[in-house]
Structure formats: C-alpha cells, structure tokens
Amino acid sequence: MSVKVDDLAKAIMDELYAYSDEVSDALKETIKETAKETAAEIRENAPKNTGEYKKGWKHKVAYESSSDIRTVVYNSTKPQLTHLLEYGHAKKNGGRVEGKPHIRPVDEKLERKLEGKIKVKLK
C-alpha cells in the first residue's frame with residue numbers, strides 16, 4: 001500500500017483504530033470466557049447443603065459498549081448467603097460458624113489467569 005505524505009497521518013490513524021477494535025474484541029471475548037469459567041468454578045467449590053445455593057451461580061454481561069465490557073458473577077437463588085458462607089457468621093445462641101472461602105480463591109486464581117490470557121491474545 002502506498003500513501004502520499006499528505007495522507008500519512010490519516011492512514012496511521014485508520015490502522016490504529018482498526019488495531020484498537022481488534023484488541024477490544026479480543027479482550028471482550030476473553031472476559032466473557034473468564035466470567036463463565038468463574039461461575040462454573042465457584043459452583044464446583046460452593047458449600048452444598050440442599051444444593052440450591054450451589055446451583056445458583058450464574059454470570060452475565062452487565063454492560064457492553066464498543067470499547068468496554070463489564071461482567072457480573074452472582075448467585076441467583078440465594079444471594080444473601082454469599083457473604084455469610086464466605087466469611088462465617090455468629091450463631092443465634094452464641095458461638096460462631098466458620099466461613100468456607102469459595103469465592104475469593106476462585107476470584108484471585110482466575111484474575112491471574114485472565115491477565116495471562118490477555119497477554120497471549122495481544123501478542
């Protein structure tokens with residue numbers, strides 16, 4: 001491709017916009033995959049009493065634009081239990097129920113994994 005000197009700035013900007021779109025698409029795809037993986041892994045590690053809490057882990061895209069995406073991993077059946085089960089809570093008659101960390105370890109693990117996936121996609 002040959003470009004006149006007068007059109008060089010426009011050609012460079014066009015290429016940068018195209019690259020920016022490619023990067024945004026790759027990041028969005030990776031983030032969506034990681035959200036799905038996060039929900040599945042939390043579901044695997046979640047405490048199971050009746051199984052209702054464990055089955056309730058879902059993910060969704062909360063917001064998406066051409067250059068931004070935000071995903072949410074949440075419990076749709078028993079959201080009020082997430083904090084109590086993760087960190088523990090006091091009993092009615094005294095004493096304490098120990099927490100069963102099942103969200104934070106997955107979050108930390110997949111955060112590092114997401115960083116690695118992004119680095120690979122951008123090379």
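## Exercises on salt bridges, core and surface

A salt bridge of 3.1 Å, N to O, joins the side chains of Lys121 and Glu29. The pair links distant parts of the chain, with Lys121 in helix H4 (residues 104–122) and Glu29 in helix H1, 92 residues apart. The model is predicted: local features need pLDDT of at least 70 and side-chain atom pairs count only at pLDDT 80 or more, while totals for chains, interfaces and linings use all residues. Residues are numbered from 1 along each chain as its sequence is written, and side-chain values use heavy atoms, with hydrogens and water left out.

**Exercise 1. Classify the accessibility of Lys121 and Glu29.**

Step 1. The classes are buried (under 20% relative accessible area), exposed (over 50%) and partly exposed (in between), with a 1.4 Å probe and protein chains only.

Step 2. Lys121 has 35% relative accessibility and therefore counts as partly exposed.

Step 3. Glu29 has a relative accessible area of 41%, so Glu29 is partly exposed.

**Exercise 2. Describe the salt bridges and contacts of Glu64.**

Step 1. A salt bridge requires a side-chain nitrogen of Lys or Arg within 4 Å of a carboxyl oxygen of Asp or Glu. By this rule the count comes to eight salt bridges.

Step 2. Strand S1 covers residues 57–64. Helices (H or I, at least four residues) and strands (E, at least two) are DSSP runs, numbered from the N terminus.

Step 3. Lys32 is partly exposed because its relative accessibility is 35%; Glu64, at 40%, is therefore also partly exposed.

Step 4. Leaving aside neighbours within four places in sequence, Glu64 is in contact (heavy atoms within 4.5 Å) with Lys28, Lys32 and Ile69. Glu64 and Lys28 are 36 residues apart in sequence, yet 8.7 Å apart in space, C-alpha to C-alpha.

Step 5. Lys28, Lys32 and Glu64 are linked in a network of salt bridges.

**Exercise 3. Identify the largest nonpolar core and the aromatic pair.**

Step 1. A nonpolar core is a set of buried Ala, Val, Leu, Ile, Met, Phe, Trp, Tyr and Cys residues joined through side-chain atoms within 4.5 Å. The largest has six residues: Ile42, Ala46, Tyr53, Trp57, Val106 and Leu110.

Step 2. Ile42 touches Trp57, Val73, His102, Ile103 and Val106, not counting residues up to four places away in sequence.

Step 3. A search of the whole structure finds one aromatic pair. Tyr53 and Trp57 form this pair, edge-to-face, at 5.8 Å centre to centre with 80 degrees between the planes. The rule pairs rings of Phe, Tyr and Trp (its six-membered ring) if their centres lie within 6.5 Å; planes under 30 degrees apart count as stacked, over 60 as edge-to-face and the rest as tilted.

Step 4. Tyr53 and Trp57 are both buried.

**Exercise 4. Determine whether Ser24 is buried or exposed, and list its contacts.**

Step 1. Ser24 is placed in helix H1.

Step 2. Its relative accessible area is 12%, so Ser24 is buried.

Step 3. Not counting residues up to four places away in sequence, Ser24 touches Ser66 and Ser67.
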